[in-house]
Structures are given as C-alpha cells and as structure tokens.
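Dear colleague,

I am passing on the structure that follows, together with notes on what was found in it. Please read the notes beside the coordinates and tell me where you would describe things otherwise.

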Amino acid sequence: MGLTVPYVTSYLSEHFADDAYATLDGYRARGGYEAAQQALRTSPEDLIELVKESGLQGRGGAGFSTGLKWSFMPTDGGKPKYLVCNADESEPGSFKDRILLERAPHKVLEGILIGAWATGSEKTFIYVRGEYAFPARQLQRAVDEAYAAGILGAKVLGSDFAHDVVIMRGAGAYICGEETGLLESLEGRKGQPRKKPPFPAQYGAFGMPSTVNNVETFCHVPHIVANGSEWFRGFGTEKSPGTTIFGVSGHVVRPGLYELPLGTPLEEIVFEHAQGVPNGRTVKGVIPGGMSMPILPASQLDVPMANEHLRERKTMLGTGGVMVMDETTCMVRAGCVITYFFRDESCGQCTQCREGTGWLHKIMERIERGAGTPDDLDILLDVAGKMEGQTICAFADAAAWPVQGLMRHFREDFEEHVRQRKCPFPESFEL
Amino acid sequence: MASIRVDDHELEVEEGRTLLQALDDAGLLMNGVDVPHYCWHPKLAIDGSCRLCQVEIEGFPKLQIACNTPVKDGMVVRTQTEAVRRAREGVMELLLINHPLDCPICDQAGECKLQDYAFEYGVGQSRTREPRRALKKSVDLGPTIVFDQERCILCRRCVRFCREVPKTGELGVFNRGDQSVIETFPGSELDNPYSMNVADICPVGALTTKDFRFKIRVWFLEDVPGVCTGCAAGCNVWLGTANNKVYRYVPRRNDAVNETWICDHGRMTYQQIGSADRIAHPALRGEDGILRAASLDDALAEAAARLRRVLDATGPGALGVVASPHASNEDLAVLRSLVDALAVEGAALAVRQGDSDEILVQAEKAANATGARALGFGDPAALLERLRGGALEALLVLGHDLLDPALLGEGDALDGVGSVILLDSHHSPLERAAHVVLPTRHAAEKFGTLTNHAGRVQRVRPAVEPAWAAWSEGELLARLGAALGLPDFDGKFDPRAVSRALGERAPAFDGVDWDSVGDEGLPLKQGGA
Amino acid sequence: MVISEDTRAAIEREIGKYPQRRGALLPALHLVQQEHGFVSPDSMRELAGIFELLPVEVMEVVHFYNMFHDRPRGRHQVHVCTNLPCSLRGARGLMRQLESHLGIHAGETTADGRISLGHEECLGACAYAPMLRIGETYHENLDAEQAKRLLDGLE
C-alpha cells in the first residue's frame, strides 16, 4: 500500500524508511515539533522574515516566494484568518506530496503550525485529493494524535496560541489543485477558480483572509526554522534554494522519488539516479516538471533543475515530476494523452479553455489517425496561443504549454504523421 | 470619484465600479466604446468567464477583463488595440467551433450577439474540421421556454438570472469542460413568473420563448417604446410591431422602474392589444333590449341625451362617474373637466386587484391608477354604496374594473341603473348593463402618459392603429362634453396639449408632461397622489 | 427519507467543522455515496434541504467531481490510470486486457453488477505503473495476469 521511500534522501525524507516516523512518538524521537516550539517563541514578523530570507519557493508548481505570500496576510485583526494546505496533488507525473502525507504527516502538521503562527491563522484546512484515501487516513491519525498531545487545539504546545486543523477530501477534479478552485471546493462548490481580484489573502476560504500552501512547501519550513535561512540556502541554487523531491516516471530503469537539491542537472536525475532508459534505448524527450510543463528534447538534459535555468529552455520546474520518454515514443500520441487530460479536466468556465482544450485534443487525435493536414500544425499552435494568458486561472496555459513544447521540439513527428497519413511509430506506447 | 481614460474618452466614474459598469453608467458601452461581452449583464452578478471583454490597461502586462477590473484613479484603458482585437478574434473563433451553423432556421437570427460579434470581431472563416458537439435540440424547459443546447455558449446568464432575480434557481451547469451543459434538475421545469426573461438575456438562439418562436423574423419588426399595462409597475417595453400588429413585448431597460426585466404575465399582455374580444364599434341598446352597432355620432348623441335627462330631472347627484385606471392621464384630465363641468361629486376609481411580488408585480392590475388618483378620482366605496342603494340613475363608467370581486363582482347591481354609458376597450359582462357603448383605444394605440405605482409618469405613443373603430377616452369625452353643450368643450382632443396643461389641474404634474418625461419617464412632483 | 439517520448525524458532525454549512457538502456527498453507492436525485433533494441549497446546486457539484456518481454502479469500482506516465508503461494494454477479460468496455459495468471498469486520470502512482484503484485501495506495479487475478478475487 505505502510508497517505497525515496532512493536518494536529504533533510525532508531522511527518516522515511522508518515506519515510526509517521507516528507522533517516532516523529518526536527524531526532533519533531522542536522547530514549532522555537517558532512559537519567535514573533510572526521575524518568522516571515526568516522564510523570506531562506528564499523558499512554493513547491506546488508556481514557485512563488512562500515568505512573501505569508506577508500578504492582513495583520489588522478583525476577521478570522485561515491557512489552507493544498494536498490535492494531481499533476500527472507528480507523487511527492503523497509520500510526505504517508510517511511524514507530522512534518506536514509542524510546517502548518509554524505557518499558522506566522500568519495569525486560527484554523487550517487540509484539502486532500479524494483518491488519496490512505494518505488522508495517515494524516487524520496524525491530527488525532496531535490533538491528544496538546499540539493542536486551544493551547498549541502549551502556548496561548490556538489552532485547529480540518482535513477535507476532494472528489476527483484536477482543477481543485488551483488555489482558488480549491477554495471553492472547500466551500462545497464546483471547483471553478475564482476571478481575481479579490485575492485569497483578502478574500479566501469562506470569505476570510487565507493563504494556500502546498504540502511539500510546509515540510521545508520546520527545517528552515530549526537550521536557519543560511543553512537552507546551502542547498540548491542561489535563486532556487533547498531540495525538492523529484518524482521520476516513464521509460527509466528505476522510476521513483529522489530528494535532490534544486539545480541538479536533469541528466543526472535521469541517467544516474533513475539509471537511464531500459532495453538499451535512448531518451527522446523528458517532461521536467509534471505534465503541464513543456517537454525538453534529449539534447537539452544538461539543464539544471531550477526555474531560472528551465525558463531559458522555455519550460519550468512545476512540481518536479520528471517524465522520461524513450526513442520509440510517438510524440503525437503523447500529445493525445496530454490534450485529452486537459480537455477532461477543464472546469469549463472560460471560453478559451473550455473550447480550446477540446479542439486541441480533436486535432491531435486526427493527426494520430493519419487524417491531419499540414495546416493542422499551425492551427495547433494558433489555438494554444489563443488560450495562453487569457483566462481566469493558469489551467489554460498549462494546457497550451505542453502542446507548444511538443511542436517546438518534435514538429517532425507531427509532419511525418501528416506525410505518411499514419502513425510512423509502430513501437510506441499503446494509445 | 475616479478619473479614467478609455480610448479618447475622459471619464469621471464612481469608485468601486468595474470598468464595464463604469462604461455602462456613462452610457458609453457599445455606444461610443465598443467592448463586446457575453457573460456580463448589467443586472446580474459578474461571471468573468466569456473573456470577450478583455482590454488593455496601462501597467498590466496582460489583457484584463473589463467586467471585473475595478476602476482606479488615473487608469488608462485601450479597447481597440491589436492585442485586444486578437483576443476577441480568439474568443469568437473558439465559441464558433461548436456552435451550429443553423442561422437560417434560428429564431435569434437578426438579434444574435454571436452573429453580430462574429461579423464585427470574428475571423470571417472557419478552420475547424472537427464535427460539432451534438447535444439536445428543442428541449422543452417548461411552460414558456424552449432550449437548444447546441446553440448555448455557456455564458450562464440564464443560470444567474434564475438564482438572483426570481430566486427560483431552476437551471444549473452540469458536467465540466467542453461537456458542460445547462439543464434543470431531473423532473423539474423552468417555471417561474419571470421565466421568459432568460430568452431576452440569452445572447444567442439557445433560449427562445414558445410564444414568439417562429412567428416572424426579427428584422421585420419595428420596435416602438412603450409601457406594459399588465399592472401598476409600468415596466418599460419595446413593442415589436409589423403589419400593424404587435408581435411581442420585450423589456426596455429603465433602471428606475424595471431594470431590464418584465414579468411573464405582463409580457403576455401584448396579446390584449389585437385580441378578438376588443370592442370594435360603438353600440346602442335598442327598445328590444339588444345592443346594436351604431355610428359614433348617434352613440354620443344618445349618451348626451341620457345624461342630460338625468341631470335635468334629478341633478348631478344622480349621476355616478367611474374612472378607468387604464386610461391615460390626459384622458382622465378630460374626464376630470367633464365631471367638474357637470358638478358631479364623488367620481371614483375602480381598480382590479391581484397578486403582487417583491420584484416587479403590483397588486393593482392597471397601468395608471396612481395617475387617476392624482387627478382626484378616489376610493369607490361611497359611490358603490349609492349605487347599491338605488341613488344613481345614470352611470358614466370607463373600463370594467368595477367587476373586481371586491367591488361589484358580476355587476348585477348595475341592472337597476337607468342609463349606463360605458367607455371600454374589451368586451366584458359590464356591457349587459350598458345602454351606450363607446370603444376605446389601448395604451399601445395612442399618445398619452401613464403614472406607475411609484408615481413615475411615463409616456406611450401609437405603435399600431386599430383596424376597427376606437377612440381614446379623452377624445370620446371631449366630444361628449361638446354634445352636452358644455362650455370649454369644443369636441377636440390634443393629448400632448392636454399633457402640457396637466399641471394646472394637478400640481403634481407641473412640468411633467408627454414631451418632458422622455422615454424613461419622470416622477410626479412630491411623489404623486 | 433516503438518507439514514446515522448518515445525517455524521453529516451534521462534518458541518460543525466548517465556518459555513456548505463547507461540508463534499464530505456529505462522500458519506451518502458510502451509504448508497451513488447519489440519487432523491438524496440530492434531501442534501439540498440539509444544506439550504437548491437541488440543482447539489447536482452541479455531483456532476463536477469524477468520484461522485448519480446512478448505481457495480459493487466494485475498478479504475485504471491511463494518464501519460502510466500509458508509457503499458496502462492502455492493461486496460484492453481487462476489458476483454470482463467482457465490457471502460465506462461499463459487468452484467452481474460485480465490477464497474473505468479510466482514471493520474492517481499519483507514476513510478509504480501500471496501476489500478479498486475502491479506495491502490494496486501498483501490476502486470496483466496479476490484475486479472485481483479482479477475479472480487466478490
């Protein structure tokens, strides 16, 4: 049932092999909740400053500065404030939050407690994707333990700070990973992202000031509090400090999780850690950060896995889900799977997204069937262009970027389909 | 207030408004500043999903939707740039890939925002080779509306309308992505007193009213501004006319009266204009007790003779006068003059009562009861008492609201009155008691003003000309006064001149006349009656 | 009344966790589905009553989320992830084999009402593909024979 622990570990995952780490006793035995104790003795302003200095960026896909996000929360009292933990991990190729929830639920809670103190939030809603039944049970057990031990509730760790945690399970909708889609879902509605303004820090969960952070993001926080921002900056690159847990999938010998510093070259992840492509084949392309991030061709695997470098290659770190495709792979088939996913998961609000995702998928399928025409390739790009940057949330961009990536690096695959009027990759994965 | 610039327009706008709201407030939206939009509607919650209203705002890296962007002092907005043009083109192309190309058989053709905007902002040719989405056609949504799911562009105005205005919320958007469809809950219907508004706000031909469906192409219709006569709300309407016939009412926006709505009942009252039960000629009751067609001159002479007999024999105390709340202020001003000239006391107003609601519908089922009261026609209780007590020998009655169950009911009490002169537009049991019947015009057939329940004076004008004999009450009464030989009655009736003189008769009308009220009306002075 | 007293009590407990009643709608739908296997229009009406919503609003929510069903399904819900990471490692072939093994297509239920088979989007098991989910339980690193045996073992 449980995931295998990461093949390469660092501070986040070093104790994951120990089943007891998921229990309160086991977590405390490894120094758990000491950082939270320390945080409660620190002023919220200093904590936010510390997290800002650490350079921690959100690990949910957008990579926004966590400290800055926390600082947007109003401090004028008045309304109750909420923290929201985004455990709706649904990005294809991404499965790191799942292991954090399963193996280190108390670490998630400790990060939440520190964030709650820093932002003055009275309650945290942890939104766990509906399919994650086991991770949600692990987390619930941890929450129950924490209440029983006085870590949550009216007097957090013996202080005067009160904090409650509610776990809510989603019900199968990728868009609820978008922070305002999540807020809508939390409020019992369809998970349709909200138009902005207002932003969550002013009008978030149940209309109250709220901050939404990803599971892994919270997990880094206790380590930063315990060891300082300089220590944290000792990992990763100057602009992208810390480690992340890369999830490697697809055509590799050893798919799995690898906790590595940001900036680790993609080729090191694929060839050293995941041990390269099986069956003596070569890499054709790699999606570096979950399915919504544009693919890179084999020639660009030297890129360090940090946004400042990935952006130069017109892609992003996203959630760190590395998907490897070998030389047999038909990129049009990959395009079919990708565009089907976004068509299936579009919430349907905005015109460009609702109609564009469907159109992209229909064109992809037609090209794969051998019924494509040369101008279809330009239409694909044109439609993707019409979707990008035009909608309420970034979902339409996420649907457009992978198509643009495929066309940028593998246009010849598409052209061959059109020329031969069939798929020229008989060895490719089945569709 | 905030100062903003939109293209070449410098505007002072209210803080807290969004750009589209501010443009709408200024009367510039699609009327000087073209920002096409589908999901935004001035009277519904902001949705922000159609993405058609994107504009360029200085300082924003990306285009912003005008419907949801709050104005800020110093904001500079451009609505006609290349980036905006491309964005609009994109939305239009994407909306059209799944929209059926059935305009030749679509009832919305001619007033379809998809057609209009495709022409204005579209690319001009279709690039899609994929089959269009196949969905339900001609869905019977309820008693009033038919829905074509394939034509729907999911702007969700109808969904918001049902939740926000009648608060019945029959419609929902089910599924998601490009499988999204609008439907009702299983086993329930779109059935509320305002249901037909969804057809008005539907920018495409997805929602159409059963009543208007396939009747006439809209480009044959001439729209005449008017007022609904279904109740005292005085909702502003466009009368869709062709071939001297009114084909429909659609609400005409008036933020002081009905915003952009009208109730279904009121909407359907257009049918009363050309209905088969109109009184189509003057009539006189013969010796044999049978009502027969007569010339207007004969009917007026007979009416004058009957009134004169009573006045001469018994005096004005034996004459009862009942004003109609359906007549215009101008008509009633003439009645007022007549009543005063004859020294008749206790001239009253009869108004049929019915249901009301919190939205628009008023209990008084007539368009001008407030105007009648402002002109001194009051409660009918005393008059009815005199009538029942046999004190009345003659009755001059306008309209048949007396038949309201709270007043005369079936009208048997009239049987003993020696002379009943009836001025009315539609047949009713009142005619059984009438000795002289004079056919009147509907508000859609004359110049005049009507005063709604809140004291707002609004004007009407002839949208159609009755194909039979009918006159406005004012004209009939002016002629009757002349036939009675009353001073100051020359038999002529100029409604706009009477309108200008209304203030002399009732100060509340001072400066509030047909010309000055314009097409959106003006309130009576000091709130009216 | 189709929603049992026990489930209603559990729903009320969920409602207590949220600042607004409606926050507990998804948990309530999970509970109702646990009780009945699906969320019928009658249940939606009752939930609308509990949450002071219109039935149509409840139905919109049911239709939006993949995990809620408005009609009865098989006793066992088998979902094969067919997203890209799983497809790269043979998920589509696995699905085809299961379809022929059960004699139904994805999206259908066996005639005996035993199994409903369906595609699903990424379940967060990308390194352990191909995989499937039976109810709440993940089964990972499967080959076709193992998967068939799993299904055969379902009552």
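In the predicted model, buried residues make up 50% of the 155 residues in chain C, where a residue is buried if 20 or more other C-beta atoms, placed from the backbone, lie within 10 Å of its own. This is a predicted model, in which local features need pLDDT of at least 70 and side-chain atom pairs count only at pLDDT 80 or more, while totals for chains, interfaces and linings use all residues. Residues are numbered from 1 along each chain as its sequence is written, and chains are lettered from A and ligands numbered from 1 in the order in which they are written.

Chain C has seven helices and four strands, these being DSSP runs numbered from the N terminus (H or I of at least four residues for helices, E of at least two for strands), and along the sequence they follow the pattern α-α-α-α-β-α-α-β-β-β-α. Its domains, whose bounds come from an automatic or database assignment, are domain 1 (5–64) and domain 2 (76–152), and the centres of these two domains of chain C, taken over C-alpha atoms, are 29 Å apart. The C-alpha atoms of chain C fill a box of roughly 50 × 35 × 25 Å along the principal axes.

The contact between chain C and chain A takes 36 residues from chain C and 49 residues from chain A, two residues being in contact if their C-beta atoms, placed from the backbone, lie within 7 Å. On the side of chain C that touches chain A, the largest share, five residues, comes from helix 2 of chain C, and that side divides into 21 nonpolar, eight polar and seven charged residues (Ala, Val, Leu, Ile, Met, Phe, Trp, Tyr, Cys and Pro count as nonpolar, Asp, Glu, Lys and Arg as charged, and the others, Gly among them, as polar).

**A sheet in chain B**

Chain B holds an open sheet of three strands in the order 21-22-23, with antiparallel pairing, where two strands pair if DSSP finds at least two bridges between them. Strand 21 (448–451) and strand 23 (522–523) of chain B each have a single partner strand, so one side of each is left without a neighbour in the sheet. Strand 22 (residues 456–460) of chain B pairs with strand 23 of chain B over two bridges, and Val457(B) stands opposite Leu522(B) in strand 23 of chain B.

With best regards

Definitions and conventions:
Buried ≥ 20, exposed ≤ 12 C-beta atoms within 10 Å, placed from the backbone.
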